[in-house]
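Biologist: Please walk me through this model one point at a time, and give the cut-offs as the terms come up.

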Amino acid sequence: MKASYKKQSFIIVLFVFIYGCGIKKHIPENKRLYTGASIEIDADSTVQKVSELKQDLSSVLSQQPNTKFLGMHLGLYYYYKNQQEKTNFLNRWLYKKIGQKPVYQSDVNAISNKEILRNKLENYGFFYSTVGSSFKEQKKEASIVYRLKIPAPYKMATYKIDSMVSPIYEDIKSLSTTSPIKKEMRFNLGNLKLERLRLDTELKNKGYYNFNSEFLLFEADTNRYKSKKFDLFLKLKANVPKKATVPYQIKNINVYPNYNLNDSTEVKSIRYQEKNYHQDTLFFDPKYLDEFITLKEGDLFNPSTSKNTARRLSSIGVYKFVNIQYKEIKDAITDSIASLEANIFLSPLTKRAIRAELQAVTKSNNFAGPELSLTYSNRNLFKGGETLNISTNIGYETQISSSSSGLSSLELGLKGELVFPRVISPFSINKDYFDYSIPKTKVSLSATYLNRSQLYKLLSGTALFGYTWNANKYITYEVNPISVNYTRLSNTTAEFQEILDNNSYLQSSFDQQFISGLTFSFTYNEMLNAAKSHQFYVQSTLDVAGNSIGLLGKEKTVGEPKQFLGLEYAQYAKADVDIRYHYNFGAKKEQTIAARFFAGYGYAYGNSDVIPFVKQYYSGGPYSVRAFSIRSLGPGTYNDKDTDTASSYFDKTGNVRLEANLEYRFPIFSFLKGAVFADTGNIWNSVSNSDFNDSDGNVRDKLTSNFINELGMGAGFGLRVDVQGFVIRFDLAAPFHDPSLEEGKRWDFRADEPVFNFAIGYSF
């Protein structure tokens with residue numbers, strides 16, 4: 001084994017050596033390849049954080065050497081290969097993707113770099129620094145060393161605001177008390193620029209509509225000191241216009257709820273809550289629209305309030321464009337105040353719309369077939385921003401595996417949803433609490449008919465009433481105080497009845513026909529900010545059912561579950577959390593390390609022995625552990641190899657679920673992306689179900705302290721077609737730890753038995 005390892009190491013070293021020689025032989029005779037720069041600093045003892053300073057200075061050098069991968073200049077290698085008279089398609093393609101033109105010693109402008117370093121040091125307060133340089137030359141390579149002698153920095157003794165006109169002088173004086181610029185701070189030009197921007201932002205929030213950060217000027221004076229001290233003065237530049245030195249007050253607010261750029265006709269004006277609503281006919285009732293407008297007459301101009309109003313109006317779902325424009329009122333300026341007119345132009349979306357979707361569905365459980373859905377939308381239904389959505393869908397699936405030919409399903413669905421962009425509640429709610437956005441009230445009714453051939457028919461209905469709102473840019477809450485679900489199983493075949501008779505756990509989960517409860521979810525989503533390198537996502541959901549309805553339940557038969565309106569109802573509590581992290585890196589942040597962790601637990605009590613089938617967890621599939629088919633993993637170490645396909649589709653559920661995923665995503669070409677990944681997870685029952693025991697009566701489905709050894713694990717690779725956020729995903733994965741096998745046989749990378757996953761959107 002050691003001899004083999006040494007042999008492999010020797011081959012690698014030999015390859016790198018030969019490769020290096022291959023690069024050097026292409027370097028022209030009168031050229032040396034530039035290999036980089038180093039900085040040596042001789043700093044005064046008072047200079048702090050020298051290593052950080054060195055790293056910062058290195059980043060500003062204008063010439064950078066050719067990049068390496070595992071110590072090799074691959075980009076440079078394919079550049080030279082492509083310069084040969086005879087080359088091939090692969091070399092041309094690789095040069096186009098990763099090729100780099102060589103950077104030679106002659107390309108390095110040492111004089112320019114020394115000047116850049118000297119200016120950077122002066123910006124940091126290190127005046128009168130000296131910078132020298134020299135090349136280190138070899139036969140085919142050269143590097144450069146910059147030697148910096150850095151004296152003690154200049155530090156601030158006092159910070160004063162020069163006299164200015166009122167009222168801007170008083171406001172700047174007040175803002176200077178919270179300035180990050182403090183006594184004994186080192187001179188730093190970058191910090192002074194940031195302070196100008198901070199003052200500009202704060203002044204605009206105080207109404208200074210025409211102010212600009214360029215109007216502010218910092219001056220440093222060292223005349224009073226022999227040591228390296230300076231006085232810092234903040235003043236206004238000369239000839240700053242008067243309109244920039246006074247705050248602006250909003251005098252009039254005009255709202256155009258049905259604005260059309262091409263419409264020049266006169267419209268009627270209605271005065272409501274100190275705003276003028278201009279609309280020829282009533283398009284949007286002002287008493288509902290007014291809640292979204294945070295601008296008020298008499299308030300000072302504030303860009304934050306303006307942005308908040310625009311965002312709130314956009315969230316209604318009725319408007320295509322929201323445009324807030326300000327107009328200065330002439331002859332209304334004084335020495336202390338000026339006036340603005342705010343005009344809010346709202347361009348509505350098309351009132352009625354129909355959307356059709358046709359999908360070819362392929363699932364990991366070998367079901368495939370077409371699905372057609374139609375959605376009709378009617379916006380601003382009652383002239384208060386309401387949206388009515390009526391959708392219907394029809395889907396047909398058949399299982400294409402030869403072992404279960406003829407097993408198919410037909411699904412018909414109808415759903416009506418009415419969304420009110422306001423809180424509808426029997427009691428009053430303080431609207432000041434919803435500063436960022438106004439909650440939406442959602443009411444929906446839906447019915448689904450499912451006919452699974454050779455098995456059963458299932459009719460289900462759902463009624464929902466709840467609220468959703470954004471607390472800020474990243475946080476969303478959703479609470480549904482009324483959530484009612486009814487299911488009725490009928491026309492069960494002898495085959496399916498046998499499945500139920502042999503699985504009391506499954507039988508109990510289907511008996512619970514009535515679910516009435518409350519759901520609550522919290523979502524923190526930084527994925528919306530594509531500019532962030534580190535993105536976090538957290539979603540937590542709580543689902544509680546049967547408590548209130550339990551007060552009205554009656555025990556029809558002693559010892560049997562209680563019923564409500566003749567239906568057995570469920571009582572359970574279910575909570576889960578989904579945590580995701582993305583690290584985006586690379587030149588355009590096109591590469592991502594994505595990680596996910598999911599944990600969920602459901603607890604049945606009172607009227608229920610198990611939670612309903614539709615509320616149970618399952619594992620495996622394109623959004624789970626991709627090396628296992630959907631619903632094929634678990635519970636625990638259960639193995640269904642002796643059961644038929646029909647039964648195995650239903651019984652692999654549990655009330656506990658744990659999963660973790662790790663994925664590296666990278667670009668390949670244009671809209672084509674690639675990924676390599678590893679997944680792990682499983683489901684369990686907190687209370688053992690004897691139907692899952694093995695032939696010797698051993699418990700296989702219960703969650704124990706040994707759960708870590710019962711995780712299904714797999715790895716694979718995938719391709720993604722990503723066109724402006726619409727993603728079609730293809731994943732191929734194989735298991736390398738299968739908990740359903742006997743101990744000692746679970747670790748086996750079955751690359752010859754991969755599972756193909758097709759899905760829309762990223763897995764996490």
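Biologist: How many residues apart are Arg-118 and Glu-115 in helix 5?

Modeller: This is a predicted model in which local features need pLDDT of at least 70 and side-chain atom pairs count only at pLDDT 80 or more, while totals for chains, interfaces and linings use all residues. Residues are numbered from 1 along each chain as its sequence is written, and side-chain values use heavy atoms, with hydrogens and water left out. Helices (H or I, at least four residues) and strands (E, at least two) are DSSP runs numbered from the N terminus. Arg-118 and Glu-115 are separated by about one helical turn because, in helix 5, their spacing is 3 residues.

Biologist: What distance separates the closest N and O atoms of Arg-118 and Glu-115?

Modeller: The two form a salt bridge, meaning a side-chain nitrogen of Lys or Arg within 4 Å of a carboxyl oxygen of Asp or Glu. Arg-118 is partly exposed at 24% relative accessible area, and Glu-115 is partly exposed as well, at 38%, the class between buried (under 20%) and exposed (over 50%) with a 1.4 Å probe and protein chains only. For Arg-118 and Glu-115, the closest N and O atoms lie at a distance of 3.0 Å.

Biologist: Which residue meets Arg-147 in a salt bridge?

Modeller: The N to O distance in this pair is 3.5 Å. It links distant parts of the chain, since Arg-147 is in strand 3 (residues 141-150) and its partner, 107 residues away, is in strand 1 (residues 33-43). Arg-147 is partly exposed, with a relative accessible area of 38%, and its partner is Glu-40.

Biologist: Are Asp-738 and Arg-750 buried or exposed?

Modeller: Their side chains meet in a salt bridge with an N to O distance of 3.4 Å. Asp-738 and Arg-750 are 12 residues apart, and each lies in the loop between strand 28 and strand 29. As for accessibility, Asp-738 and Arg-750 are both buried.

Biologist: How many salt bridges does the structure hold?

Modeller: Some of the charged residues are linked in a network of salt bridges, among them Arg-626, Glu-663 and Arg-665. Asp-679, Arg-720, Arg-729 and Asp-731 also belong to that network. For the structure as a whole, the number of salt bridges is 29.

Biologist: In which strand is Phe-756?

Modeller: Phe-756 counts as partly exposed because its relative accessibility is 47%. Its place, within residues 755-760, is in strand 29.
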